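Please read the following walk through a two-chain model with the structure open beside the text.

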There are 2 protein chains.
Amino acid sequence: MIGSGIKRGTAELAVLSVLQDAPLHGYELARRIEQQTNGALRFTLAALYPMLYRMEQQRWIRGTWETSANGRRRRCYRLTPAGKKKLSPLQREWAELFRALQRLTKVAHA
Amino acid sequence: MIGSGIKRGTAELAVLSVLQDAPLHGYELARRIEQQTNGALRFTLAALYPMLYRMEQQRWIRGTWETSANGRRRRCYRLTPAGKKKLSPLQREWAELFRALQRLTKVAHA
DNA sequence: GTTTCATATATAAGATTCTTATATGTAAGG
DNA sequence: CCTTACATATAAGAATCTTATATATGAAAC
């Protein structure tokens, strides 16, 4: 059955998905999520940073401090093997949730 | 853009969808949601009742006390016109969220 | 030069929501 | 009687989200 966390877990799927591609820091992560969804999905940074902490504690991502060319320090997150492994079941869970909701509205319509 | 409430609003869509069909009381609502999604979606009653309160305060549903044939009192909820009107945009929002998440994982895959 | 915007991370306070556990009570079946 | 199904409700604590704020650099504009 669909985990209860799923109701809140939009961000996790989004973050893991985007990190599949390349390691990124928080600010850029937020921007990419917004861009790649045409603005449909948007996370405030105040919500995003604590999320990244949580995901790091769960070992899905790992952050390292880096200094960019322009001298700014930033925390660069990359997917861990565990995070990679988490991704496909998460995707499946979301798909299942969506199908369940569709079924509900359809059954009700009928 | 997708409202932030959407991340939590699974229940709302589910409840409104099921109530489209017929007025129902909480306990039965929970059962139908579970049945109609083949167990994929399940809400505990302790989570459901406060939700129904909230939805009633928002005027999406209206509850009336009824006494069933077997003498049990129960609160029967039915969709209000406002709730009906809320339903299709909510569905659209969810579809958009899903498309956005799919886009994210696909873009990342490419 | 100084104001402003984009970059970048972080935390606090308050509100909301979720989970787990518990309370209450009826009815039916064994 | 005892258990299962029905039916609603609340409390306590955990988790989460929102809004606001703090800090600091680099670049561009004026």
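In chain B, G26(B), Y27(B), L29(B) and A30(B) of helix 2 meet L45(B), L48(B), Y49(B) and L52(B) of helix 3, where contact means heavy atoms within 4.5 Å. The axes of helix 2 (residues 26-36) and helix 3 of chain B come within 10 Å and cross at roughly 115 degrees; such axes are lines fitted to C-alpha atoms, for helices over the stretch in contact, and the angles run from 0 to 180 degrees between N-to-C directions. The crossing of these two helices of chain B is right-handed, a term for a near helix turned clockwise from the far one by less than a right angle, anticlockwise being left-handed.

This is a predicted model, in which local features need pLDDT of at least 70 and side-chain atom pairs count only at pLDDT 80 or more, while totals for chains, interfaces and linings use all residues. Residues are numbered from 1 along each chain as its sequence is written, chains are lettered from A and ligands numbered from 1 in the order in which they are written, and side-chain values use heavy atoms, leaving out hydrogens and water.

Helix 3 (residues 45-57) of chain B also lies across strand 2 and strand 3 of chain B, running at about 120 degrees to strand 2 of chain B. Helices (H or I, at least four residues) and strands (E, at least two) are DSSP runs, numbered from the N terminus. The strands of chain B form an open sheet of 3 strands in the order 1-3-2, with antiparallel pairing, and two strands pair if DSSP finds at least two bridges between them. Strand 1 (24-25) and strand 2 (61-67) of chain B each have a single partner strand and stand at the edges, so one side of each has no neighbour in the sheet. Between strand 2 and strand 3 (residues 73-79) of chain B there are 7 bridges in the antiparallel sense, and I61(B) stands opposite L79(B) of strand 3.

Leaving aside neighbours within four places in sequence, R72(B) is in contact with E66(B) and T67(B).

In chain A, 7 bridges join strand 2 to strand 3 (residues 73-79), and these strands run antiparallel; T67(A) stands opposite R73(A) in strand 3 of chain A. Helix 1 of chain A lies across strand 1, strand 2 and strand 3 of chain A, at about 95 degrees to strand 3 of chain A. Helix 1 (residues 10-21) of chain A is mostly covered, with 9 of its 12 residues buried, among them L13(A), V15(A) and L16(A).

R73(A) lies over the face of W65(A), at 4.3 Å from the ring centre, and the charged end of R73(B) sits over the ring of W65(B), 4.4 Å from its centre; this requires NZ of Lys or CZ of Arg within 6 Å of the ring centre and within 35 degrees of the ring normal.

A search of the whole structure finds 1 aromatic pair over all chains. The ring centres of F98(A) and F98(B) are 3.9 Å apart and their planes lie at 5 degrees, so the pair is stacked. Rings of Phe, Tyr and Trp (its six-membered ring) pair if their centres lie within 6.5 Å, with planes under 30 degrees apart counted as stacked, over 60 as edge-to-face and the rest as tilted. Because F98(A) lies in helix 4 (residues 81-109) of chain A and F98(B) in helix 4 (residues 81-109) of chain B, the pair joins two chains. F98(A) counts as buried at 15% relative accessibility, and F98(B) is buried with a relative accessible area of 14%.

Key. Buried means under 20% relative accessible area, exposed over 50%, partly exposed in between (1.4 Å probe, protein chains only).
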